[in-house]
Every structure is written in C-alpha cells, then in structure tokens.
Amino acid sequence: MIDRKAMENDLQFARSARREAEAANSDVEELIWEVQHVQLGRQRIVFSIGGWEPETLAVTG
C-alpha cells in the first residue's frame, strides 16, 4: 500500500532542499561575480586558508 503522507513529507523535504540549494547557489554566484569584478583601489579582498598557522607548521621533535 502507498503511504501518501510519507510521500507528501518526502516531497516537502525535497522541495525544501531544492530551495536551500538554489539559495546557496545564488550566494556562490554573487561571490564569484564580486571576485571577478574587483575595482582595485576601492575594495579589499582577504583570502584566508585554515591550517596554515605557525604553530601547526612547526616541526615537532
């Protein structure tokens, strides 16, 4: 037997996940556009990479 309530819940979950993915994609596209259209001298962009702190790079012996 088909559980219509479970199917409806799955459909609502899928729709919610799609909306969240579309919103995240929009945010990423906006950030890409901003990086590609930097006006030098007017904006500053700082890139940070985790795990490169001096204490993590120190050789332990």
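This report describes the helices, side-chain contacts and surface of a predicted model.

## Basis of the model

Residues are numbered from 1 along each chain as its sequence is written. In this predicted model local features need pLDDT of at least 70, side-chain atom pairs count only at pLDDT 80 or more, and totals for chains, interfaces and linings use all residues, while side-chain values use heavy atoms, without hydrogens and water.

## Helices

The chain has two helices and zero strands; helices (H or I, at least four residues) and strands (E, at least two) are DSSP runs, numbered from the N terminus.

Helix H1 covers residues 4-36, and its 33 residues should span 48 Å at 1.5 Å a residue, which agrees with the 47 Å between its end C-alpha atoms. The expected span is 1.5 Å times one less than the number of residues.

His37 sits in the loop between H1 and helix H2 (54-57). The side chain of His37 reaches the backbone oxygen of Trp33 at 2.8 Å.

## A salt bridge

Arg18 forms a salt bridge (a side-chain nitrogen of Lys or Arg within 4 Å of a carboxyl oxygen of Asp or Glu) with Glu22, and their closest N and O atoms are 3.5 Å apart. The count by this rule is one salt bridge. Arg18 and Glu22 are four residues apart in helix H1, so about one helical turn separates them.

## Surface

Buried residues (under 20% relative accessible area; exposed is over 50%, partly exposed in between, with a 1.4 Å probe and protein chains only) make up 0% of the 61 residues. Arg18 is partly exposed at 44%, Glu22 is partly exposed at 47%, and His37 is partly exposed at 37%.

Terms used: Polar contact = N/O pair within 3.5 Å; in protein donor to acceptor, adjacent residues only side chain to side chain.
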